[in-house]
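Hi,

Here's the structure I promised to pass on. Have a look at it first, then read my notes on the aromatic side chains below.

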Amino acid sequence: MKLQLDPDRLFPVDSATRSLARALYEQVENLPIISPHGHVDPAILVEDTKFDDPAELFIRYDHYVTRLMHAAGIDLARLGIPNRRSGEPVALPREVWRTFSENWHLYAGTASGYWLQSTFAQIFGIDVQPSADNADAVYDTIQRALDTDAFRPRALFERFNIEVLATTDDPMDSLEPHRALAADPTFSGRVLPTFRPDAYLNPAAPGWADKVAALADWNGSVVGSYAGYLDALAGRRRYFVENGAVSADHGVLQPLAVDLDAAEAASLFAKGLAGKLSDAESRVFAGHMLLESARMSTEDGLVMTVHPGVYRNHSSETFETFGPDTGHDIPVTTTYVENMRPLLEKYGNNADFHLVLFSVDETVYSREVAPLAGFYPSVYIGAPWWFLDAPDSVLRFRSAVTETAGFYRSSGFIDDTRAFLSIPARHDMARRLDSAFLARLVREGRIDEQTAGRINVDLVDSMPRKVFKL
Amino acid sequence: MKLQLDPDRLFPVDSATRSLARALYEQVENLPIISPHGHVDPAILVEDTKFDDPAELFIRYDHYVTRLMHAAGIDLARLGIPNRRSGEPVALPREVWRTFSENWHLYAGTASGYWLQSTFAQIFGIDVQPSADNADAVYDTIQRALDTDAFRPRALFERFNIEVLATTDDPMDSLEPHRALAADPTFSGRVLPTFRPDAYLNPAAPGWADKVAALADWNGSVVGSYAGYLDALAGRRRYFVENGAVSADHGVLQPLAVDLDAAEAASLFAKGLAGKLSDAESRVFAGHMLLESARMSTEDGLVMTVHPGVYRNHSSETFETFGPDTGHDIPVTTTYVENMRPLLEKYGNNADFHLVLFSVDETVYSREVAPLAGFYPSVYIGAPWWFLDAPDSVLRFRSAVTETAGFYRSSGFIDDTRAFLSIPARHDMARRLDSAFLARLVREGRIDEQTAGRINVDLVDSMPRKVFKL
Amino acid sequence: MKLQLDPDRLFPVDSATRSLARALYEQVENLPIISPHGHVDPAILVEDTKFDDPAELFIRYDHYVTRLMHAAGIDLARLGIPNRRSGEPVALPREVWRTFSENWHLYAGTASGYWLQSTFAQIFGIDVQPSADNADAVYDTIQRALDTDAFRPRALFERFNIEVLATTDDPMDSLEPHRALAADPTFSGRVLPTFRPDAYLNPAAPGWADKVAALADWNGSVVGSYAGYLDALAGRRRYFVENGAVSADHGVLQPLAVDLDAAEAASLFAKGLAGKLSDAESRVFAGHMLLESARMSTEDGLVMTVHPGVYRNHSSETFETFGPDTGHDIPVTTTYVENMRPLLEKYGNNADFHLVLFSVDETVYSREVAPLAGFYPSVYIGAPWWFLDAPDSVLRFRSAVTETAGFYRSSGFIDDTRAFLSIPARHDMARRLDSAFLARLVREGRIDEQTAGRINVDLVDSMPRKVFKL
């Protein structure tokens with residue numbers, strides 16, 4: 001079966017609306033990519049080494065891809081993920097690719113299937129759908145490309161027209177790759193770190209005490225000094241800012257903010273280090289630190305992004321055998337309005353503070369996120385994320401938030417990906433869908449074509465720059 | 001940029017479906033407006049004084065409009081809302097209009113943007129999109145119109161073809177404006193009061209004890225007599241009925257009904273007046289009074305409408321500085337099924353009792369509201385409201401409720417507006433959207449065109465009359 | 001008014017997409033019906049007696065139909081449902097039919113209206129919409145048909161091209177009808193029982209102690225022996241398996257799984273028989289039995305289906321007067337992720353265990369069900385059910401789950417009906433809607449036509465066979 005990308009893909013089926021969407025899309029198709037939140041490893045750009053093989057590139061590290069094969073009954077070791085318990089050898093890359101190719105039908109209609117198709121066709125010139133019959137041939141085609149200099153990370157970075165790429169980093173990270181790239185006169189892209197402090201803020205996170213100790217060690221404070229802890233966090237944030245960071249990212253189960261006074265906070269902090277916090281107390285302290293992080297943002301300017309509502313490592317067996325990020329993170333109900341009120345009471349009306357609210361529970365879009373962003377100058381609507389970063393979901397999102405908050409409270413597209421090669425397909429998808437959405441509004445007489453064109457460019461260009469202070 | 005209303009606006013983009021929608025719309029386009037729930041001040045019709053200026057008319061009092069500019073970082077005082085703390089002078093109307101015009105792009109795709117466009121074009125004949133360049137000229141155009149007799153409230157009331165207009169009123173209101181209008185032989189419209197007792201029923205509401213005292217004062221009962229309190233409430237409802245009221249409106253955070261016996265209720269009432277109720281007890285007493293209000297409805301016939309799920313005054317700073325209704329009311333999760341069961345157990349099967357359930361949490365439409373209205377003869381589905389009163393939201397609403405409850409359990413459109421001039425645009429929007437929805441069902445072979453036509457008229461005409469006992 | 005079925009009904013309105021949907025539909029239109037979950041009485045096929053009359057066939061037992069007339073203020077006795085309290089005579093079938101015909105407009109746009117139209121036209125050749133004028137004539141037309149051998153249950157079973165029909169049965173049922181049908185050489189259809197043990201597992205269910213006693217009586221264990229109770233349940237499941245059962249169905253208010261050790265469980269069991277469990281303890285024990293049922297499924301192979309989230313008998317008055325299943329079951333919020341984790345921790349990664357998750361709270365589709373089914377090999381996505389088994393709802397469902405889980409984690413269509421005559425219309429509806437959904441994806445360039453065709457056949461054929469182990 002052939003693989004041919006429809007040039008009008010993701011546009012509305014109605015022909016007049018499709019024409020209009022196409023015209024809008026053509027205005028943004030080739031604008032540079034701004035990627036203010038994602039998970040690409042910056043080291044690949046420093047070293048600029050070739051990618052190993054197709055399986056590593058497309059399968060092993062992409063839990064969107066591995067989870068559907070796991071659901072089909074395929075052991076993750078057959079997809080190249082090491083079994084930490086048995087230590088048995090993983091499948092060879094070519095075998096992984098065969099397994100994937102035999103199961104290509106599982107991806108029909110999914111976001112991953114869409115990105116993979118786009119990437120295969122546009123980046124590697126592949127013109128057949130993966131199948132058992134062509135697995136080896138397609139593997140070889142991709143491998144041959146990967147062996148050329150044109151497919152080294154920096155060449156692709158340039159080919160993809162990436163202007164800004166943010167990574168996600170541990171607060172104690174040296175940021176050496178970012179420093180190296182910034183200092184390299186032969187590399188002109190902006191690769192920015194992002195401060196991701198969850199494990200340092202939540203006493204219930206594994207290893208929290210060690211991370212607190214690492215902070216104390218860094219700023220020479222006494223382990224157990226709450227003031228020293230805050231000071232170290234602020235210091236590490238400054239270090240990130242000095243190295244180009246524009247945002248701090250918070251991944252939390254529930255987006256809870258709690259306003260404690262310093263004495264209460266210090267007391268919980270001490271109790272946490274003694275390992276004596278109840279679950280409820282841990283939540284309270286973590287909620288307090290979310291609020292403290294907002295305060296630090298008002299001081300150092302880092303944009304605060306919140307990615308809540310994912311039950312991580314839902315399957316203990318898979319977690320223990322194959323580790324985290326292997327497909328068993330599952331969304332739960334999220335609510336923002338009451339949970340985040342203490343934070344918004346303090347900083348919500350501060351227009352210099354930027355707070356970007358994401359969700360994998362799409363019920364909050366019309367009910368909470370759009371109304372909050374439609375009032376508080378600090379609040380911006382995060383783009384559809386993870387499970388919702390897919391064509392129909394994105395259109396549902398735009399439909400849910402726009403009527404309340406318009407277009408100028410949304411963050412612009414965020415790819416949130418570890419899969420470097422999928423970046424162009426993801427941003428292209430977002431541009432096509434916004435063009436499709438705007439074309440419908442024009443055809444329904446709700447906005448005029450000129451306004452739609454301006455908005456479409458702003459969503460790709462000025463909004464991410466503004467929201468992320470780029 | 002030109003402002004031109006598409007005569008086919010809000011109709012489906014598919015041409016055959018669009019033609020059908022247009023044909024359906026033409027049958028309802030000019031039917032009289034029945035507005036059974038809203039917030040227009042009736043005094044403007046008694047006095048029939050000219051509107052002051054464009055800023056007062058379109059901006060200052062419309063929190064849908066002010067909130068998006070506030071989100072863009074504009075101080076509410078610059079929009080004409082007085083700062084209660086500083087007492088500093090507000091911006092002049094023409095300056096307010098300039099600020100609005102410069103920010104017109106914020107409204108693209110929003111419900112407010114749609115209504116404003118319609119109103120500017122249809123009522124004032126404006127043919128340009130607001131912008132910094134034309135702010136003064138448009139302001140002058142509107143002001144010139146407002147200075148003519150044709151734009152006095154009564155002339156507009158007639159031009160808008162309003163048959164019934166319900167206002168929302170405090171239980172102790174004298175209803176003098178309504179009485180004056182009813183007694184005025186030169187005014188033929190029906191302007192009906194609506195009994196809105198929230199602040200009298202909820203011990204946690206500010207000033208509750210004073211309101212209870214005012215009731216006691218009115219009927220000469222002893223302050224603190226629970227029987228006297230109930231008697232006064234029933235008496236005030238009777239006064240509203242005598243002055244044309246058809247409904248009582250209940251705005252609650254959660255739609256909770258509690259069935260207490262009289263002794264328990266009286267005990268909580270006394271404790272409330274002593275200021276000693278816990279939050280939970282206050283909720284229980286307020287829930288009991290919701291149930292008592294339903295009982296009174298079964299006696300005096302007032303339709304009970306419930307508008308739940310809005311966290312009022314989410315920003316204390318804004319509330320204290322600029323007051324309520326300035327854009328920071330935010331929806332929360334709403335559930336009806338278990339919360340309202342005590343009320344439905346008592347009165348749900350009483351077909352003479354009408355209970356209209358609204359929501360700003362759209363998840364309840366298919367899950368709860370349509371199934372309840374599809375069984376209980378008392379329950380009707382409230383039209384999409386507030387944040388959901390917008391084109392895509394309305395179509396989602398119809399899609400969510402119709403397959404379970406059909407068309408004959410819905411309330412008909414409710415504009416819920418303080419913005420008198422937006423009334424025609426809002427009702428016209430609803431008529432266009434119902435025509436669009438019905439046209440799709442016809443084209444999908446689910447209903448025939450003749451049935452669609454009958455339903456479309458019923459939604460505008462017979463359903464609101466039936467549901468609101470007009 | 002004429003009743004004419006549009007051959008293109010439920011296909012997208014856009015003409016090119018419609019053509020494609022029609023082409024896809026033609027490939028599945030005539031495939032045999034596989035109905036792995038429903039509520040048809042198997043005795044009608046054993047006895048093969050004629051259906052009594054149109055009112056019994058279409059109205060009295062169909063709570064989808066009666067509830068909308070009840071909501072319109074019509075007493076259920078007028079629809080043929082006996083009043084258990086007054087014992088007054090119910091309306092005669094012809095009167096019931098007249099009442100229904102007069103109220104036909106209530107069903108416009110509903111799922112029931114769609115199925116009834118299809119059934120009237122396709123099975124009885126009726127070409128007019130029901131109305132007061134034609135009530136007697138239509139009644140007579142249907143009655144004449146019912147009086148012929150061609151409308152006996154077995155003839156219809158064959159005409160409908162039903163390959164498999166699952167019923168829903170009490171664990172202590174003798175399954176005589178299923179045994180008789182299996183033993184009958186003149187009947188070639190597969191009619192399979194389904195084990196539905198709710199009332200035996202939940203101490204809060206009316207009559208639980210009697211049902212526990214019946215189990216003990218059956219396997220000769222001591223009433224009160226927890227081991228005997230488990231053994232009897234396992235034994236009855238084996239009996240069902242021996243008689244063709246492929247699944248066990250669990251209807252629960254919340255899908256809660258609890259992992260108790262045997263001693264804790266036995267202790268709650270004893271306390272339950274003594275009538276001393278608190279509500280919370282009852283939930284815990286029922287949750288434990290859900291987990292035990294999953295364990296039994298891993299041993300005997302029965303597919304576990306979960307139908308949660310319905311508040312049964314919401315109206316006590318109606319329940320006491322007319323009994324259960326008379327239209328007042330109302331959905332509530334459902335969550336799976338945390339509630340079902342104990343079960344998934346134990347059995348989730350077992351690919352031989354099949355767990356099909358249904359919902360009447362559509363918010364869980366994208367948030368929970370698709371992500372769970374997209375990882376756990378045991379979990380399958382149940383088809384839209386009850387209130388959501390309707391055209392727009394089905395398309396919302398496909399849109400909500402496909403982008404995360406693809407097509408190969410869904411169960412295939414389940415009609416869940418007691419209305420034998422509606423089976424073809426329901427399956428046909430599902431086939432049309434899947435064709436419509438797939439056609440859109442093809443036109444949007446997301447999948448190719450050949451893939452769409454394969455998926456469409458798989459959804460009707462291989463997926464239900466695989467998921468239900470047929």
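**Rings and charges**

C:Arg426 lies over the face of C:Tyr64, 5.5 Å from the ring centre. I call a charge "over a ring" when NZ of Lys or CZ of Arg is within 6 Å of the ring centre and within 35 degrees of the ring normal. C:Trp218 has a charge over its ring too: the charged end of C:Arg236, at 5.0 Å from the centre.

Before you go further: this is a predicted model, where local features need pLDDT of at least 70 and side-chain atom pairs count only at pLDDT 80 or more, while totals for chains, interfaces and linings use all residues. Residues are numbered from 1 along each chain as its sequence is written, chains are lettered from A and ligands numbered from 1 in the order written, and side-chain values use heavy atoms, leaving out hydrogens and water.

On to ring pairs (Phe, Tyr and the six-membered ring of Trp, centres within 6.5 Å; planes under 30 degrees apart are stacked, over 60 edge-to-face, the rest tilted). There are 99 aromatic pairs over all chains. One of them is B:Phe269 with B:Phe285, tilted, at 6.0 Å centre to centre and 35° between the planes. It links helix H13 (residues 262–273) to helix H14 (residues 279–300) of chain B, with the two residues 16 apart; helices here are DSSP runs of H or I, at least four residues, numbered from the N terminus. B:Phe269 is buried at 0% relative accessible area, and B:Phe285 is buried at 0% as well (buried means under 20%, with a 1.4 Å probe and protein chains only).

C:Trp97 and C:Tyr139 pair edge-to-face, 6.3 Å and 65°, and both are buried.

Cheers

Terms used: Buried < 20%, exposed > 50% of the residue type's maximum accessible area, 1.4 Å probe, protein only.
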